[in-house]
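Dear colleague,

Please find below the structure that I am passing on to you. My findings are set out after it, and I would be grateful if you would read them alongside the coordinates.

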Amino acid sequence: FTETFLSERDKQSKWSGIPQLLLKLYATSHLHSDFVECQNILKTEGVTKRLAEKNDFVIFLFTLMTSKKTFLQTATLIEDILGVKKEMIRLDEVPNLSSLVSNFDQQQLANFCRILAVTISEMDTGNDDKHTLLAKNAQQKKSLSLGPSAAEINQAALLSIPGFVERLCKLATRKVSESTGTASFLQELEEWYTWLDNALVLDALMRVANEESEHSQGASEENGLPHSSARTQLPQSMKIMHEIMYKLEVLYVLCVLLMGRQRNQVHRMIAEFKLIPGLNNLFDKLIWRKHSASALVLHGHNQNCDCSPDITLKIQFLRLLQSFSDHHENKYLLLNNQELNELSAISLKANIPEVEAVLNTDRSLVCDGKRGLLTRLLQVMKKEPAESSFRFWQARAVESFLRGTTSYADQMFLLKRGLLEHILYCIVDSECKSRDVLQSYFDLLGELMKFNVDAFKRFNKYINTDAKFQVFLKQINSSLVDSNMLVRCVTLSLDRFENQVDMKVAEVLSECRLLAYISQVPTQMSFLFRLINIIHVQTLTQENVSCLNTSLVILMLARRKERLPLYLRLLQRMEHSKKYPGFLLNNFHNLLRFWQQHYLHKDKDSTCLENSSCISFSYWKETVSILLNPDRQSPSALVSYIEEPYMDIDRDFTEE
């Protein structure tokens, strides 16, 4: 048919330009044609967008996944459509969803996880830490009036499928040797291509195949053995990469479910189906395996690039550990029996009660082998190169183990394994430049040292010269957004130590450079001034709101010592010295008004503040109320220190 004829028929029948696309496709699909051009035609966005608008069509596609012959192609089409669909589909509208998913074999379920990754993730959330709290609060209010989101409904639909989480745990923990099915070479290759959907990647794969084929052929000729097997199955390195690609999607789905509304239910099932011991057994051979010379890399990239499947699997694994450990007593499943006994021994030696969660841990569900998952993670963390992209995620995963109510035994377990010295080496000796890595290391150091006299002794032993201490201070002061959690932990620790009568504590107080530095009022005022000055209500995010809470900790401890008026008067003087009277205290007043709006309606955030500071939330609320007192005669009210001409405290900061 001519293009003119097709164009006319297209207008009459409203075929969305598909016949013309087929004509172009035909012209570029002959032998020696430009394959990339052919692929570009297939990926025309207009067609996908139009298909995405037809919700009943998208739902119908799921029914085609019952057939093995059409499964892969259908899964790929659904994934493409969901990528451009403006509104998320609801899985509870898919006919016989439970039966459909239950009948998938393990390979199909792994592929299906690619679709699930889209359907259970909240749309348009962007980078969670970068979105302003004003915008997020407005969105939450809107969500409350609308009911559960499509992503939440989809998560609930999946969790209602019998055996779903159990099968995901089996997929995540199976060994490569267990994944070899009865699929032919061509079937496996077709699945590979559908998975990767990129000619350059396929070229890289075939290069790997040829390398292994030549290697096995050479070995066979040397030994006088036949070498036909290379042509009838995929090489081992490709099978490993195949398994890595599967695990990527499965771990992502488990991670999202762990952070959802049914978190406790998912936690219980993940523990019961032994996900953590299973991942521990895969740690050396698959998750943190050494790269082979011919490991899969994309064209124009290298083995250490964040785009490679090996790298992405490691990051997804670390994110899962972070979600699993964060404020949950199941975190002790990351240890083995011997390590749990070690925790008990630490508590016994220190003459403190054993952690209840340790006593309640089901020993049949913990890691086996010589080392638990947490210890394995510490080992690779200490060997990580300075420029490694993993450092951030490793520190976050370990920090999540320490989060919540401070546990001396947990801290000592990590201190005995040289974690504090490793962190200080990275901050001081390697003079780390990455802001993300520095922030994660400062946060981890704060949790590791908080209220722990032994940790401060170790710190002083490592930072044993003024030169080292100045480098450390330079790193802290270079970005308070990154280091403020450490400043908060040291400030809280100092307050506790000063109220203890103990020779060991007295010795640390007299010798530790860091405690001596933080104890000086000018140091505290310098931190306080800068913490308030670098944030504003309109720019508050989940990442920098900690600066506001750290400034509040400094003032709460001052209030305990009846020094709150002194600190406010010093802030006023610092304002005047900068020739901008009122600019700081007006900003602080607005920030505290927002604090009341934000925290008095969120249970989890208030619990976290209480647990991490060991200051009751009622004292937080009282202090904020005292600071916001409108009475200009009150010596502890902010308005008493803002002169009338510079008063600007009633600014509207709502965001609709």
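The notes that follow go through aromatic pairs, helix packing and several individual residues.

Please bear in mind that this is a predicted model.

Across the whole structure, the search returns 17 aromatic pairs. One of them joins Phe456 and Phe497: the ring centres are 5.4 Å apart and the planes stand at 85°, so the pair is edge-to-face. Phe456 belongs to helix H25 (residues 453-462) and Phe497 to helix H27 (residues 480-498), so this pair ties together parts that are 41 residues apart in sequence. Phe456 and Phe497 are both buried. Elsewhere, a single aromatic cluster is formed by Phe62, Phe71, Phe104 and Phe112.

Two charged side chains also lie over rings. Lys331 is placed over the face of Phe401, 5.0 Å from the ring centre. In the other case, the charged end of Arg559 sits over the ring of Tyr619, at 4.2 Å from its centre.

Packing of H31 and H33

How do the axes of helix H31 and helix H33 cross? The axes of H31 (residues 545-560) and H33 (residues 583-599) come within 11 Å and cross at roughly 105°. The two helices are therefore roughly perpendicular to each other. H31 contributes Val545, Leu548, Asn549, Ser551, Leu552 and Leu555 to the contact, while H33 contributes Phe588, Leu591, Leu592, Trp595 and Tyr599. By type, the residues of this contact comprise nine nonpolar, two polar and no charged.

An enclosed helix

Helix H23 (residues 419-429) has eight of its 11 residues buried, so it is largely enclosed by the rest of the structure. The buried residues are Leu419, Leu420, His422, Ile423, Leu424, Cys426, Ile427 and Val428. Their cover includes H20, helix H21 (390-402), helix H22 (408-415), helix H24 (435-449), H25 and helix H26 (466-478). After H23 comes Glu431, which has a positive phi, near 45°.

A buried loop residue

Thr361 is found in the loop between helix H19 (356-360) and helix H20 (373-383). Its relative accessible area is 11%, so Thr361 is buried. Apart from neighbours within four places in sequence, Thr361 has contacts with Tyr332, Leu333, Leu340 and Val366. Of these contacts, Tyr332 is 29 residues from Thr361 in sequence, and the C-alpha to C-alpha distance is 6.9 Å.

Positive phi in two loops

Lys274 is not a glycine, yet its phi is positive, at about 55°. Lys274 is located in the loop between helix H15 (263-272) and helix H16 (275-287). With a relative accessible area of 40%, Lys274 is partly exposed.

Glu562 is likewise not a glycine and has a positive phi of about 60°. This residue is in the loop between H31 and helix H32 (564-577). Is Glu562 buried or exposed? Its relative accessibility is 73%, so Glu562 counts as exposed.

With kind regards

Conventions
Residues numbered from 1 in each chain as written. Predicted model: local features only at pLDDT ≥ 70, side-chain atom pairs only at ≥ 80, totals over all residues. Heavy atoms only, no water. Phe/Tyr/Trp six-rings, centres within 6.5 Å; stacked < 30°, edge-to-face > 60°. Helix = DSSP H or I, 4+ residues; strand = E, 2+ residues; numbered from the N terminus. Buried < 20%, exposed > 50% of the residue type's maximum accessible area, 1.4 Å probe, protein only. Lys NZ or Arg CZ within 6 Å of the ring centre and 35° of its normal. Axes fitted to C-alpha atoms, helices over the stretch in contact; angles between N-to-C directions. Parallel < 35°, antiparallel > 145°, perpendicular 65-115°, else oblique. Contact = heavy atoms within 4.5 Å. Nonpolar A, V, L, I, M, F, W, Y, C, P; charged D, E, K, R; others polar.
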